[in-house]
2 protein chains.
Amino acid sequence: MASTKPPSGMRDFLPKDKELREYVMRVIREEYARNGFTEIETSQLENLSNLENSDGGDNTKLIFKILKRGEKLNLSMSTNSESDLADLGLRFDLTLPLSRFYANNRNELPSVFKAIQMGYVFRAERPQKGRYRSFIQCDVDVIGDESNLTEIELINTVGRSLTRLGLNDLTIKINDRRILKGLVVAAGFQSDQFSDIAIILDKLDKIGRDGIIQEMLDKGYAHSNIEKLLALSNELETKGIEAAKPLSQEGYDNLKQILTVIESIQDGFKIKFDYSLVRGMGYYTSTIFEVFYGALGYAVGGGGRYDEMIGKMSGVDAPACGFSIGFERIIDILREENHDIPTGTRLALFYDPNQDLSAVMKSAIELRDTFSVVSVFAKKKKFSKQVDRLKEQGFDAFSVFGDEINIKELT
Amino acid sequence: MASTKPPSGMRDFLPKDKELREYVMRVIREEYARNGFTEIETSQLENLSNLENSDGGDNTKLIFKILKRGEKLNLSMSTNSESDLADLGLRFDLTLPLSRFYANNRNELPSVFKAIQMGYVFRAERPQKGRYRSFIQCDVDVIGDESNLTEIELINTVGRSLTRLGLNDLTIKINDRRILKGLVVAAGFQSDQFSDIAIILDKLDKIGRDGIIQEMLDKGYAHSNIEKLLALSNELETKGIEAAKPLSQEGYDNLKQILTVIESIQDGFKIKFDYSLVRGMGYYTSTIFEVFYGALGYAVGGGGRYDEMIGKMSGVDAPACGFSIGFERIIDILREENHDIPTGTRLALFYDPNQDLSAVMKSAIELRDTFSVVSVFAKKKKFSKQVDRLKEQGFDAFSVFGDEINIKELT
């Protein structure tokens with residue numbers, strides 16, 4: 001074997017890590033399902049042309065491509081062109097597969113389709129610490145509902161899932177693209193300058209007011225417009241959502257209702273209007289949101305409404321809104337903070353190789369009604385060494401066959 | 001989008017299918033874990049050289065290979081050789097990854113390592129009905145224990161898992177390669193003719209005694225040896241395991257203990273010595289087993305002891321034994337037999353768009369303590385049509401906000 005390590009940027013998971021990953025997936029699955037979402041799964045491999053011709057931006061440059069096989073490969077090798085050599089690719093997100101799935105199956109899906117997707121995506125990025133070439137994405141999307149019941153259900157569901165995982169200091173920031181657009185236009189900018197202005201505004205947290213003024217001046221924007229933008233921003237900052245009303249009535253009505261409902265039902269997480277929230281993706285049409293944990297400077301999840309994308313990608317028009325949890329970030333937080341996950345009591349049952357194995361197994365099977373795990377081991381000569389290692393192997397107690405009443409807890 | 005279907009031989013899963021798959025995985029996971037197994041996960045991508053230079057037999061011809069990227073690809077394209085174009089491949093089984101994982105992590109693993117692996121493998125086979133190019137394998141392996149406690153634990157664990165899934169007519173057939181070998185030698189064949197003879201003997205169920213005689217004669221084996229083989233087989237058939245004693249004392253002792261213990265603890269499944277069980281894989285060293293369901297002519301799972309393979313593949317010697325469940329076959333059976341899976345009661349809660357959404361959501365959240373699923377829907381004009389579709393969407397009951405006491409069951 002050339003190397004016993006996984007390929008560069010890929011990972012194996014030891015039992016302790018895998019247990020945490022499965023636990024987090026189970027909690028998310030259960031909470032999402034309770035709220036009326038149903039899980040689907042799409043193929044990890046997609047036709048390469050679908051991936052390459054998609055709206056995926058830079059991700060389309062990071063596709064792991066699958067070499068053609070057999071005769072098709074022989075034919076392609078003579079042309080000596082990269083695009084001819086491959087016919088399939090590993091998916092780089094779950095959004096393109098969802099659009100394809102929806103277009104393919106819409107007749108079998110309810111008119112309001114509340115979908116869970118959890119699975120690996122693959123990106124051929126340069127590997128670096130904390131960035132992997134294969135990682136789990138965890139999305140919930142509602143297709144077919146244009147009302148903001150959707151946003152409310154998504155925020156409530158994701159908030160409760162993360163709270164159930166033990167993340168207690170969560171803030172969901174929310175904005176509406178239409179308010180942002182109103183702000184830019186009210187400040188005197190052209191409507192087609194929106195994206196550019198929004199991208200700069202997005203840096204407010206990082207570079208401050210002065211930094212923003214400088215960057216806009218550098219780009220040749222009028223000083224008066226910049227001043228107006230910052231004055232209006234200031235008002236949004238101090239007065240909150242009420243100041244958004246003159247900028248976009250629709251955006252205001254939408255956010256006002258979401259904020260009111262979520263504030264009345266929230267449990268363990270906060271929601272906050274943030275006019276400076278932009279989110280990069282061009283496809284969002286109105287509501288956008290991100291979830292922050294404690295003092296962490298980056299979001300651990302986010303999403304928004306994208307009413308046009310499904311139609312554009314799949315030819316089937318449908319309003320849609322989604323929320324994606326940064327699964328790998330959640331795992332990192334839970335690991336760093338050493339969160340306990342509920343495991344029950346794990347028992348090691350030892351026996352002497354000359355004892356009757358039928359009786360030993362019967363005892364193990366009975367003990368499995370009481371303990372969450374019972375693992376049977378043959379006693380070795382150096383029994384005390386065996387016992388010393390149990391704790392690090394995740395056991396909470398042990399017992400010796402024939403003396404099961406005498407269960408010793410490991411401390 | 002070129003096509004909205006998944007690539008040839010790949011699958012998407014609708015909510016109902018995905019729910020069954022997740023249910024089966026959860027039951028297997030839980031039962032395995034209760035019996036002391038811990039789950040690991042390995043990368044779905046492997047270095048191509050590891051896959052190509054492995055013991056994987058025909059599967060090494062079915063590798064989905066990943067095209068090199070960037071400069072490395074440019075360099076390789078000039079050589080115009082297939083083997084230069086790819087550097088990674090999708091795994092075709094979970095055994096090679098397990099060996100690699102074990103060699104890489106053995107210092108962090110317990111001396112007796114009881115591993116669960118569940119995940120996708122990929123094979124570029126010609127797609128046909130019921131055969132997929134991407135499917136889930138579901139393996140349990142014990143590495144580091146040469147005693148047959150391992151076989152007993154594996155059979156007990158897999159038997160109970162399948163029973164818990166509602167498969168009630170299970171038979172686990174068991175044999176020992178050393179008995180098979182003893183049989184072949186006792187009949188007068190050369191020891192190096194073992195594999196060839198075993199492969200023919202394996203067809204007993206299909207072609208009968210006469211078919212076997214003919215095939216052996218065709219291959220030039222002596223009539224007297226064939227007669228002796230069939231006479232000894234007959235004895236094994238009628239007298240059972242006791243007739244195996246003169247053929248291999250070790251094999252007899254091994255099977256006798258496994259049979260005795262499993263018969264004393266079995267619950268919902270049967271175990272049976274079957275001298276004609278061969279299993280194709282060359283790497284099995286002693287115990288082999290397969291699990292059969294009802295009258296189905298093929299095994300739904302199987303495995304055995306492979307004490308030499310880990311050392312050969314990874315350079316780290318370790319006795320090992322594994323049992324693999326045919327996950328996709330189990331799914332097919334449960335679907336065909338329409339097995340009920342426990343889901344709790346699923347409620348659809350309707351509201352009128354002019355009602356207070358905060359109050360609606362509060363009601364939904366409360367109802368989620370009682371019902372396993374509560375999904376909120378805006379009432380449409382054609383309410384009776386909405387209700388008519390609920391059953392096929394998986395709901396068991398519905399209620400209208402403001403009248404929650406009045407929950408109507410769907411029949």
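Which residues form a positive surface patch? A:Lys380, A:Lys382, A:Lys385 and A:Arg389 do. The model is predicted, so local features need pLDDT of at least 70, side-chain atom pairs count only at pLDDT 80 or more, and totals for chains, interfaces and linings use all residues. Residues are numbered from 1 along each chain as its sequence is written, chains are lettered from A and ligands numbered from 1 in the order in which they are written, and side-chain values use heavy atoms, with hydrogens and water left out.

**The patch**

A patch takes residues with over 30% relative accessible area and no salt bridge; like charges are joined within 9 Å, and nonpolar side chains (Val, Leu, Ile, Met, Phe, Trp, Tyr) within 5 Å. Lys and Arg count as positive, Asp and Glu as negative; His and the chain ends are not counted. One member, A:Lys380, sits in the loop between strand 13 (373-378) and helix 15 (383-388) of chain A. Helices (H or I, at least four residues) and strands (E, at least two) are DSSP runs, numbered from the N terminus. A:Lys380 has a relative accessible area of 45%, so it is partly exposed. Buried means under 20% relative accessible area, exposed over 50%, and partly exposed in between (1.4 Å probe, protein chains only).

**Chain A and its copy**

Chain A holds 15 helices and 15 strands. Its C-alpha trace spans about 90 × 65 × 45 Å along the principal axes. Of its 411 residues, 57% count as buried.

Two copies of a chain are related by a rotation about an axis and a shift along it.

**Salt bridges**

Side chains of opposite charge can pair when their charged atoms come close. A salt bridge is a side-chain nitrogen of Lys or Arg within 4 Å of a carboxyl oxygen of Asp or Glu. The whole structure has 63 salt bridges over all chains. Three of them follow.

| A:Arg131 | A:Glu125 | 3.4 Å |

The B:Arg100 pair links distant parts of the chain: B:Arg100 is in helix 5 (residues 95-105) and B:Glu46 in strand 2 (residues 45-47) of chain B, 54 residues apart. Both B:Arg100 and B:Glu46 are buried. A:Arg131 is partly exposed, at 34% relative accessible area.

B:Lys239 and B:Glu235 share helix 10 (residues 223-239) of chain B. They lie four residues apart, about one turn of the helix. B:Lys239 is exposed at 56%, while B:Glu235 is partly exposed at 34%. Elsewhere, salt bridges that share partners join A:Lys18, A:Glu22, B:Arg29, B:Glu39 and B:Glu41 into one network.

**Positive phi**

Most residues other than glycine have a negative phi. A:Asn338 has a positive phi of about 55°. This residue is in the loop between helix 13 (327-336) and strand 12 (346-351) of chain A. A:Asn338 is exposed, at 63% relative accessibility. In chain B, B:Asn338 has a positive phi near 55°.

How values were computed: Accessible areas come from the Shrake-Rupley method with a 1.4 Å probe; for residues, only the protein chains shown count as cover. The place of a charge is taken as NZ of Lys, CZ of Arg, CG of Asp or CD of Glu.
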